[in-house]
There are 2 protein chains.
Amino acid sequence: MKHTYREIFKWGDRRETELEKGILNLIKDKFDYSDAELSQKHLYGDKPVSLDKQGLLNTGALEKLRNIVGNENVYTDDFTRASHSFGKSYTDLLQLRLGSVPAPPDAVIYPRNLIEITEILEFCNNHKIAITPSGGKSTVTRGVETPEGGISLNLTWHLNKVLEVNEENSTATVQAGIFGPAFEEHLNAKGYSCGHFPQSFEHSTVGGWVAAKGAGQASTGFGKIENMVLSLKIVTPTGVITTPCYPASAQGWDLHQIFIGSEGTLGVIVEVTMKIRKYRPDNTRYASVIFKDFESAVGAMRCSMQSGIGTPHIFRISDPEETEISFKTKGFEGTIADKFLGALGYNQGRCLMLISAEGDKAYSKQLINSIKRICRKHGGFSLGAKPVLKWLEHRYSSAYLRDPLMDLGIMSDTLETAVMWDNLIPLWKKVRNFLKERPKTVVMVHISHVYENGANLYFTFLSPVNKGNEMNEYIAYHKGLVDTINSNGGSLSHHHGVGRALAPWMEEQLGKTGLDLMQAVKNHLDPRGIMNPGGTLGLKP
Amino acid sequence: MKHTYREIFKWGDRRETELEKGILNLIKDKFDYSDAELSQKHLYGDKPVSLDKQGLLNTGALEKLRNIVGNENVYTDDFTRASHSFGKSYTDLLQLRLGSVPAPPDAVIYPRNLIEITEILEFCNNHKIAITPSGGKSTVTRGVETPEGGISLNLTWHLNKVLEVNEENSTATVQAGIFGPAFEEHLNAKGYSCGHFPQSFEHSTVGGWVAAKGAGQASTGFGKIENMVLSLKIVTPTGVITTPCYPASAQGWDLHQIFIGSEGTLGVIVEVTMKIRKYRPDNTRYASVIFKDFESAVGAMRCSMQSGIGTPHIFRISDPEETEISFKTKGFEGTIADKFLGALGYNQGRCLMLISAEGDKAYSKQLINSIKRICRKHGGFSLGAKPVLKWLEHRYSSAYLRDPLMDLGIMSDTLETAVMWDNLIPLWKKVRNFLKERPKTVVMVHISHVYENGANLYFTFLSPVNKGNEMNEYIAYHKGLVDTINSNGGSLSHHHGVGRALAPWMEEQLGKTGLDLMQAVKNHLDPRGIMNPGGTLGLKP
């Protein structure tokens, strides 16, 4: 039986997920769906994969590549090529549901080691064959597409080992193609944790975390990936760079920082040395607090970050609509507890904050108490640990909701930005206003990565599509959304990266002189433009 | 009366400092100095400044520059030029004491604003005139010399304002030429602190901190300058770059990080937006702990950094020789307290640790107690707050000792490195062994900037010179020292920077491909090589 497009676009382990009753009710309620509509299968994508575009590599090139990595590590079949044509952005999923793969790679190659990667880059550089490094392909910003064809260089099969755990230095060195769970299990067995848990954790690789400059759900305490990486080994068309490994230094600017967020445009990240932390889940304290409005919750969060009380690890606020929908779908709405909260004045407009504090026992206890104290001063009411623990249970599974929602013809996407504190509430309002201009649109916003100087805003929106016009209406809506963020002081991304989806706004963000500097770095390391070409990061080609 | 070389090389406010009795006794004891030798004035440098080399800028060029910045901001007199020919490295001081200024700038210019700087760079780029940005000129790595002559562009007269303190964002935006005390006083008045206190604090500028990638004495808690800067404005020969200001982001690699540690080679840093912190000195807790040996002290320090108890702000260990000399010169040796410590086993080989914890009251209390607990487990004995407070009193004044020591013919220099934990003790031993090969040499080492993954090692060495051969013997000794660090896993610098003094080792540290990448960035932003030329950072020209 031939593989289908559905097997490609489905999230994670590709299981079929039933939407829970709470969510089905929400859809009925917000989008006026009938029961018949709730059983539709819109653009189900269950046709067998068949590519129009044949691979363009000639026999000589393929033979050369097979000589380098072995026959068994070179794939040119339609399904493998189609599987490496897209990431997991909304437009990627739409294309695959439509059975449209206009620009697959000509071949997918699984290199076994650094030497092979070097040889492949040399060969491809000589013959101007495009190379797109790939890992979990969970990008939601069109970071792993192959508009120029060429090779998708997949590191997950062979370059997926933990090379060293150095307990004295509190570091681990891993190959870039290792997935989150394999890395974390290896560390847990030794009493350590990587501290980096993006929602894609189960299906993304360390190399991808670095390439896209990601952040984990505990980033407020552990930092983003750029704060965790100490050293990198990168194969570029110009040569191999191994950045020196120091806790900090002052020997010129930090070269490894140039590759964090490089999204495959400069070379192939092959090894990463990063900080690890002691794994002591029993020490972690949790708290949840409800606030009367978003402004008070944000005030308490900002005050917590600027008070010198230490730094929590998970630190989140759901805005009123996200809080309302979460309470509705989780069955909290209308319970006695809910009525009690309502009587206390926590009803319309209320916002839920989730907190965890890790580390030493005395530290996490003192920290959680300090935050609760600050929250009380800002009108917060403690709800105990349960809401956080419940959220943690579903921390990775909510990504599975998008596929069944799209089956129902519901546009479902997320976009995120980083913003300084003084602009957070204004930007939140402006973006919500824009998104709400579309009728029948659910807009849920949360803050999930927090700093002394500002935080991120994470927007999730759901809205029934106009069938047949899905792609165009999304592109226009997405453009309006990014325009709104870009022109109102938000960054293009806090942790998703730029890819091709956000590339058109890069020059406005960095200025021409800034983007030219990035291009100069690109041109030096990749003079023939073979690395992840096609406008990634706003770079040429 | 004509100004002397001594006025140029003297540290800080140029006051004459008498060496305290404790130090004089040390010199007698360690170096066998007679009373006559203790009253010598070796290479006193009190001759009037007179340059052999005339300024090379022609009348037209000078007129153009005067038109840009005004007559009163262009200097071509010998004293001003000589004052901008050197920083404060040991060889700089020697040269000035010898009355040797082989490569002064042709003119010193004090620009009034960004537009003038842009015009100067444009003019100099067209005429290939070298520009060396200067601030406090406290570099100890030969970072502000002018081997190609040209212009020393001094930002301290006019570009020294605090432009904004944003309390909501907890940030300040300053012009790069502001000195530490002016910045800190401005912040203190509003209840904030900059958190960055290098030993040069009183006589260095924010722009210099950024250019040299410095660290303050509380960096363990507040981070190095690269962890504090959120955004920069830089004038380069290719254009002005203003990096976007976000708490964090994922829109390509962080461009501002390329300029932190650029040491004037890429452009002129004109504005800096950096984090600030609440100023609450009453909340700060102090502790000092004595250990039986360096290994136990380092073990306690490492454990503290890796235990998730929070992060202290000042965190230092003096190695046995530094502890011994500090106890000797401060009059502690031989006291009853000293005898008591001796009876407890803290004598030969003992090491002093100093700690401060800032921030919220509950936090600093919990943190200092946690560290003390860890120290006890590693055999540490608490000495209370007094030794830290005493050290804080002298935190900036010990820099004044070098001049009177050099007056006595004593070579006095420092060098520092960063190293991962597992290599700290071996590197400390190897470097000490090398330095001790020189007879009659006092070698004091401390750790003063600490991370989860490693720390710095700061070496101070004192040794009587062989008169008449000061320069050659220093250069050979310094080379041997850096070779030892470089070949044994230490960085060239943790916070002093590279300048021209450490440039020859850059290729070994970064590899050719790494250094070529730096050169490519340089070539793009400064294609004619006018910015701080002469091998700074190992770059050409």
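Here are some questions and answers about this predicted model.

Q: How many aromatic pairs does a search of the whole structure find, and how are the planes of A:Y346 and A:F381 arranged: stacked, edge-to-face or tilted?
A: The search covers all chains and finds 29 aromatic pairs. For A:Y346 and A:F381, the ring centres are 5.8 Å apart and the planes meet at 40°. Planes under 30 degrees apart would count as stacked and those over 60 as edge-to-face. With 40° between the planes, the pair is therefore tilted.

Q: How many residues apart are A:Y346 and A:F381?
A: A:Y346 belongs to the loop between α14 (336-343) and β14 (351-357) of chain A, while A:F381 is in strand β15 (residues 381-382) of chain A. The pair thus links distant parts of the chain, and the separation is 35 residues.

Q: Which residues touch the most other members of the largest nonpolar core?
A: This core holds 292 residues. Leaving aside residues up to four places away in sequence, B:F183 touches B:V162, B:A172, B:V174, B:I178, B:C194, B:V206, B:W209 and B:M274. The residues that touch the most other core members are A:F183 and B:F183.

Q: Why is strand β8 (residues 229-236) of chain B described as largely enclosed, and which strand forms a hairpin with β8(B)?
A: Seven of the eight residues of β8(B) are buried, so the strand is largely enclosed by the rest of the structure. On β10 (residues 268-275) of chain B, β8(B) pairs in the antiparallel sense over six bridges, with B:K233 opposite B:E271. Four bridges also join β8(B) to the antiparallel strand β9 (residues 239-242) of chain B, where B:T236 stands opposite B:G239.

Q: Which residues cover the two faces of β17(B)?
A: Six of the six residues of strand β17 (residues 442-447) of chain B are buried, so β17(B) is largely enclosed by the rest of the structure. In a regular strand the side chains alternate between the two faces of the sheet. Here the buried residues are B:V442, B:M444 and B:H446 on one side, and B:V443, B:V445 and B:I447 on the other.

Q: What is the bridge partner of B:V445 in β18(B)?
A: Two bridges join β17(B) to the antiparallel strand β13 (residues 315-318) of chain B, and B:S318 stands opposite B:H446 there. Five bridges join β17(B) to strand β18 (residues 454-464) of chain B, again antiparallel, and the two form a hairpin with six residues between them. In β18(B), the partner of B:V445 is B:F459.

Q: Which strands stand at the edges of the seven-stranded open sheet of chain A?
A: The order of this antiparallel sheet is β15-β12-β14-β13-β17-β18-β16. Each edge strand has a single partner strand, so one side of each is left without a neighbour in the sheet; these strands are β15 and β16 (410-420) of chain A.

Q: What angle does the direction of helix α6 (residues 114-127) of chain A make with that of β4(A)?
A: The sheet in question is open, with four strands in the order β1-β2-β4-β3 (chain A) and mixed pairing. Its edge strands are β1 (74-75) and β3 (131-134) of chain A. Four bridges join β3(A) to the parallel strand β4 (residues 151-154) of chain A. Helix α6 packs on the sheet, touching β2 (107-109), β3 and β4 of chain A, and the angle with β4(A) is about 170°.

Technical notes:
Residues numbered from 1 in each chain as written. Chains lettered and ligands numbered in written order. Predicted model: local features only at pLDDT ≥ 70, side-chain atom pairs only at ≥ 80, totals over all residues. Heavy atoms only, no water. Phe/Tyr/Trp six-rings, centres within 6.5 Å; stacked < 30°, edge-to-face > 60°. Core = buried A, V, L, I, M, F, W, Y, C linked by side-chain atoms within 4.5 Å. Buried < 20%, exposed > 50% of the residue type's maximum accessible area, 1.4 Å probe, protein only. Contact = heavy atoms within 4.5 Å. Pairing = 2+ DSSP bridges. Axes fitted to C-alpha atoms, helices over the stretch in contact; angles between N-to-C directions.
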